[in-house]
Amino acid sequence: MTIPLFIVSVLTVWMTVEYFFPFLAPLEPASHTVQTFATILASAAWGLGTAVLCIAHVRRIYTQSKDPFWGYSVFFLATFFIMFLSGLIQGTQGSIFLWLYNYIQAPGDQALYSTTAFYVTTAGYRVFRFRNLDATVLLISGMFVMWSVLPLFTGPFPVLVTIAKWINNVPSVAAYRGFVMGVALGIIGLALRVILHKHREVLA
Amino acid sequence: MAVTIGMIVASWICIMLYTMLYGDNFVSRTAEHIFMGVIAAYELVINLEFFYNKGVARAFSPGGAIYIIPVILGIMIYARLNAKTRWLYRYPMAVIVGAVFGVTIRTTVFSQILDQIKGNLPPIAPLVGVPAGQLINNLIIIFGSLAAVVFFIFSQEFKGPERYVHRFGRLVLLCGFGATYGNTLSYRYELMAGTFISNLFQPPEILPYTFGFAIAIAIILVIGFKTGLAHWE
Amino acid sequence: MTERSEKSFAEKALDLDHRILASIVFIILSIMVLVPISIPFPVSSYGQQYYDFVDSIPPGETVGFMIGDSPATRPQLEPSSVLTLKMLWDKDCKVVIWSDWAVAIPIVDDYIALAEKKLGRTMEYGVDYVNLGYVAGEETGQAAFLKNIREVVAGVDKYGKNLDDLPIMQGVNSGSDFKYGFFNVACECTEPMYVRQWQMPYGTKLGSINCAMDLPSITLYLATGQLAGTANGLLGSAEMEYLTGQLGLAFGQTMAVSFGGLYFTILVVLGNIFFFMTRGKGRRD
Amino acid sequence: MSVIVAGRSLGLAILVIVIGVILYYLRRAEAGRLVKIRRLPQIDVIDEIIARCVEMNKELWFLSGQGTMTYATQLPGILSTFGILAYVTQKCAEFGCKIHHPTALPIAYNIQYEIMREAYEMAGKPEEFDPLDTIIYVPVAATRPYVTNESWRRKPAGGILTGFWYHYTIIHAEALQRAGAMTLGGTDTVHNIPFMVAANNYSMIGEEMYAMSAYLSKDPALTSSLAGQDIGKYIIIVLTIIGMIAAAAGVDVLKWFAV
């Protein structure tokens, strides 16, 4: 555990410091090579989550009695392996691979994400209440901004564009500016905690 | 021909997924798992291709011997799947995490802190020699952003008059998030309209198949629910 | 909530089945998509600003273009991306394309084909544009890529051609070689990442093609000039179509979305009226 | 050749000051003097939710969002759930409230499992920790149907949503609300904060969630880094006000940033 944490600290400090001091410029090619390594590793790391997911589905099938929905995992694994094998055999320009992408993945992606529109609609009826001042401010400013991007409202009432432009350019800039500065400081704090080995769970 | 079949399949996948809105059922679950299987494999294949082309292939080409290091580290990531070899996984993760924090904080401090302070100062937000309306707007931006910063100060109790600053900060933040809310709402409907246009109703010659399938699914679901093979929620 | 034998009208209304609400959305949007109507609307300042930014790029410039679209967001971002490519190629600009997201890769080829169709001529690969393919690694990947393109992509493009053989890549090897850049991000909230890894170190003027929901989180970068323009979701696409005179996909969608928004507004108002009616009677906890 | 790249001195100064202050507070905290963090009102909300669950003899649901721990941008949100999870689990164990935590985080599952097991041990009731129900791993494709169905069936009286959230926010929050739960939601993904605020009874905005985690865990590193970041915020405020006054007096403030 100690050596990997040490690697994290060295890399973070090195890459941060080289940005500020010109005399460290000779080390720059080396640091760039490490960044390239990290890029290649990130692509490899993608498989880990997928592997965990597949194992979870295999386990669901294996222990059928505990989970009433194990049957669906068969569909998951079947399509997973069809897609995976077509990609491996034909490559990413292969006809089966692209067909599956265009006619299963793309519409699935669109349909799945667009269902949130229905959920938002029903939530609008049942949960979005003017409960208190906070929710009221949020809902009212939200409504004005929503109307401003819809031609049905801005056509007859061009003033909505002006109001929404003010909301977008004045209070929203102020809010996000404060928020972003806080978040940036938070990232610095997190990086420091990682450098100081206070967040061992990062590598757990 | 393959294209037309594809379009019909695409519209069917959409209909199957949309049935989830009418109660959770076997049709939508099947479609969801099929979709998740395809997307998981797709992302895996693309990333493996990147890993192979930029790592493995390069390591065995002339002058690229150094790239054997990320290849070995990349394989070590999968040691996490076994409890005994889990410790090996920490080395590649250390490189990923270290590099990410290194490249992030060095520029964050400029683009997310200093440039934002600059945004509160002239010439971007001048206070002298501007019309009254703009002066008020600039004052709102400056003091609003400072109040939002104050809202996120946690080591200080807000008991005296400064609690009004704190409260003002929260209202400014909520007004800003309200803008996100409004935009996100329209974005959700945009997603739906886009799905309808690109999958369900285009081109017109697939419409009979789309509606036919929708009716078939409706019948299957009703039979399923009536016979007790499936249940609403 | 206590069980009561008789419910007031408001309570009954609040218990309305969500399937009915969802069906109405479905019907409204279907009708509006099948029978599109259009209403003239004012162009927002963002649309004009973005158009002016693309218009201001000098002819012959080498431009970086990151396409990170996804199938879900494609209907809203496609028009602005394709029209931007067309405007760039109209001016004989050279476009270097890459993706930061795996799902965007087949979309890139479609965009290029669509832009060529709008343009009415075929662009020459390696001279007018180059596709460097997928760059993994999120922030690290983009930072490394923009610092030394050849090292990260192993000196080859998506199709395995050597970059040094392509005329467009002569003298282009880092973010600073692009004076102008565009990024198309599909709601991954990665705009700040491009601001800090591309605009900040290399001073590139960046235009953002993003979903509507990301607009408030980037207006602050527009205010400080860290971003030069934004094509804001579907509205941005519709405005680009309007400003370039190429009405199409986006324009038809905007009205459907409008009626969705109208329906939502009515529901929120009704929901709140019923909610306060029941609360006024003290029947809810 | 200058020692520091031109235009980057001020940034370096801010980095050094913030890091220095955090290190100072950390040293103090390790010597036993923990920095005081403001008590957030949402902590009472957690207690209220747990009390409600105990009273109604129903479960509390803890949802920790999505995301992967291999992405740095998603890390802060995921890490901040750990402190809150530990506190909530321990309180639930103490008061005899059943907690259910379906997690969709593949890599964090092991950590969360250990946190919950330890929390039950700390409360002195290790036998009540049910490894098959207190925390379960639900793969991403199965999360949505699982939460909507099971919450409707089991009718939890309370729900706590924290961590890194995507578009599932509204679906899960609404599912819990409809099941009759009182919910507290917090996230740091900007486009989902409004939905957390609008759809939940109580909410935590962005950094409030980190602060909550620090306050509840009493971890010296977390609290001192919060305190150090606060100094950074004071610097921002002071710099802005000085800059404003100087600019009004006719000084070219942009020169300061070009050092």
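Setting aside neighbours within four places in sequence, S148(A) is in contact (heavy atoms within 4.5 Å) with T154(A), L160(A), V161(A) and A164(A). This is a predicted model, where local features need pLDDT of at least 70 and side-chain atom pairs count only at pLDDT 80 or more, while totals for chains, interfaces and linings use all residues. Residues are numbered from 1 along each chain as its sequence is written, chains are lettered from A and ligands numbered from 1 in the order written, and side-chain values use heavy atoms, with hydrogens and water left out.

S148(A) sits in helix α5 (residues 133-148) of chain A; helices are DSSP runs of H or I of at least four residues, strands are runs of E of at least two, and both are numbered from the N terminus. With a relative accessible area of 11%, S148(A) is buried, a label for values under 20%, with exposed over 50% and partly exposed in between (1.4 Å probe, protein chains only). L48(A), 100 residues away from S148(A) in sequence, is 43 Å away in space, C-alpha to C-alpha.

Turning to chain D, there are 10 helices and 6 strands, and 64% of the 259 residues count as buried. Among contacts in chain D between residues at least 6 apart in sequence, 71% join residues at least 24 apart.

One of the chain D helices is α4(D), residues 108-122. Its buried residues include A108(D), I111(D), Q112(D) and I115(D), and what covers the buried residues of α4(D) includes β1 (60-65), α3 (75-95), β2 (99-103) and β3 (135-137) of chain D. After α4(D) comes G124(D), with a positive phi near 80 degrees.

How values were computed:
Expected span 1.5 Å × (residues − 1).
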